[in-house]
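I set out to record what I looked up in this structure, entry by entry.

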Amino acid sequence: MALVEIRGLHVDFGSPARPLPAVDGVDLDIGAGEIVGLVGESGSGKSMTGLALMGLVDAPGRVRAERVAFDDQDLLALSMRERAKLAGGRIAMIFQDPQASLDPCYTVGFQLDEAIRLHGSAAERANPTARRERAVSLLREVDIPDPPQRLHAYPHQLSGGMAQRVMIAIAVAGRPRLLIADEPTTALDVTVQAQVLALLARLRREHDMAMLLITHDLPVVAETADRVVVMYAGQVMETGDVPAIFEAPGHPYTQALLDSIPEHNEGRARLRTIAGVVPGIDDRPTGCLLAPRCERAEPICSSERPLLRGGGAHRAVRCHFPLLKP
Ligand SMILES: Nc1ncnc2c1ncn2[C@@H]1O[C@H](COP(=O)(O)OP(=O)(O)O)[C@@H](O)[C@H]1O
Ligand SMILES: [Mg+2]
């Protein structure tokens, strides 16, 4: 049994009479301790998928699904209060802009203490000294130099990389079994990006924590994830194990994403990228969502939406003309 089981997830905007799908029937499993990369261009519905799992989609967005389960518990059946208790505790989330997620008015120590008070162990919740010790050890764990000193720092005194480490420390304060990381390194420069990814990979190993790693950046997934789910315009286009997908993508969209990675283009004069942008939620083609941008499209692609077909948990492709025969 997977730690996370999502079946038929929809997030709709627009009116109930004319729903506009930001997420359109997504299935997603995450095994215990597994890192699943959720990739796709901006506007694909990645963040909405993560927010729906966290229970954080705000009105006017509407969430429905056949099943959203965490540790075999039906999340859709929980009250708002039970759901809120889970969020920040056994399921935690970090975002692209750590400075915006931290409160500028409070010190790092205060914000860590608050997380530990809400989501720490019983002993920590009851005891300020235990909380302080835990706060110091959390900062140490995310490689922040001189933790006792840093407890007194305000967010604006931290670099982007340090602020993201603090956010990660706050996220893991409740010893989550799942961390949803939405573009966690996108705002950071390349060197710091690599350090933060290495940190996330280490935390996963040491705490057997599963991760949904959301990114538009395929190399981030290649480096960190076990499995990848490729989203486009609200739907899953391809899913599979990382080595297999990078070796032989099954969907022309995955192929195009791979082709746009510089190191896959050595010797070429220009990057081969896909022209155009992800269609908006009120502008989705009837046939294959990618058809208008796909250089392999045939007439059937514009008239009939392909199903996600394939090899069980490990490889599935939504394409009338997949690059590999399943
Ligand atoms: N509050 C909103 N109202 C209407 N449309 C929205 C809203 N929030 C997001 N969307 C749309 O939902 C789609 C998916 O968005 P998002 O999940 O943020 O994509 P991603 O994270 O892959 O870039 C986009 O087309 C976006 O414009
Ligand atoms: Mg996003």
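**Entry: shell of ligand 1**

The structure is a predicted model, and I read every value below as computed from it. I then listed the residues that surround ligand 1: Phe13, Ala22, Glu41, Ser42, Gly43, Ser44, Gly45, Lys46, Ser47, Met48 and Ile281. I asked which helix gives the most to this shell. It is helix H1, residues 46–54, with 3 residues.

**Entry: polar contacts of ligand 1**

I looked next for N or O atoms of the protein that approach oxygen atoms of the ligand. In the side chain of Lys46, an N or O atom is 2.8 Å from an oxygen atom of ligand 1. For Gly45, I found a backbone N or O atom 3.0 Å from an oxygen atom of ligand 1. For Ser44, a polar backbone atom is 3.1 Å from an oxygen atom of the ligand. I then checked how much of ligand 1 is covered: taken alone it exposes 570 Å², and the protein buries 65% of that.

**Entry: helix H1**

How many of the 9 residues of H1 are buried? I counted 7, and H1 is therefore largely enclosed by the rest of the structure. The buried residues are Lys46, Thr49, Gly50, Leu51, Ala52, Leu53 and Met54.

**Entry: largest pocket**

I turned to open space and recorded a volume of about 820 Å³ for the largest pocket. Its lining is made up of 32 residues, and those nearest its centre are Met54, Leu56, Ala84, Ala87 and Gly88. I asked which elements each supply at least two residues of the lining. They are H1, helix H2 (80–86), strand E7 (91–94), helix H4 (108–119) and helix H8 (160–172). H4 provides the largest share, 6 residues. By class, I found 22 nonpolar, 6 polar and 4 charged residues in this lining.

**Entry: largest cavity**

I searched the whole structure for cavities of 30 Å³ or more and found 1. The largest cavity holds about 100 Å³ of space. It is lined by 13 residues, and Pro252, Cys288, Cys294, Cys301 and Cys319 are the closest to its centre. I divided the lining into 10 nonpolar residues, 2 polar and 1 charged.

I looked up Leu138, which is part of helix H6, residues 128–141. Leu138 counts as buried because its relative accessibility is 1%, and the cut-off for that class is under 20%. I also compared Leu138 with Leu112: they are 26 residues apart in sequence, and their C-alpha atoms are 8.7 Å apart in space.

Gln193 lies in helix H9, residues 190–207. Is Gln193 buried or exposed? At 17% relative accessibility I count it as buried. A polar atom of its side chain lies 3.0 Å from the backbone oxygen of Thr185.

- The peptide bond from Ala59 to Pro60 is cis, with omega near 10 degrees; Pro60 is in the loop between H1 and strand E4 (62–64).
- Glu183 has a positive phi, near 50 degrees, and is placed in the loop between strand E8 (178–182) and H9. I recorded Glu183 as buried, because its relative accessible area is 9%.
- Asp208 also has a positive phi, near 50 degrees, and is placed in the loop between H9 and strand E9 (210–215). With a relative accessible area of 48%, Asp208 is partly exposed.

Key
Residues are numbered from 1 along each chain as its sequence is written. Chains are lettered from A and ligands numbered from 1 in the order in which they are written. This is a predicted model: local features need pLDDT of at least 70, side-chain atom pairs count only at pLDDT 80 or more; totals for chains, interfaces and linings use all residues. Side-chain values use heavy atoms; hydrogens and water are left out. A residue is near a molecule or strand if one of its heavy atoms lies within 4 Å of it. A polar contact is a pair of N or O atoms within 3.5 Å; within protein, one must be able to donate a hydrogen and the other to accept it, and residues adjacent in sequence count only if both atoms are side-chain atoms. Accessible areas come from the Shrake-Rupley method with a 1.4 Å probe; for residues, only the protein chains shown count as cover. Helices (H or I, at least four residues) and strands (E, at least two) are DSSP runs, numbered from the N terminus. On a 1 Å grid over the protein atoms alone, a cavity is a set of points where a 1.4 Å probe fits but cannot get out, and a pocket is an open set with protein on both sides within 12 Å along at least five of seven lines; lining residues have an atom within 4 Å of a point. Grid points are joined across faces, edges and corners, and a volume is the space filled by probe spheres set on the points. Ala, Val, Leu, Ile, Met, Phe, Trp, Tyr, Cys and Pro count as nonpolar, Asp, Glu, Lys and Arg as charged, and the others, Gly among them, as polar. Buried means under 20% relative accessible area, exposed over 50%, partly exposed in between (1.4 Å probe, protein chains only).
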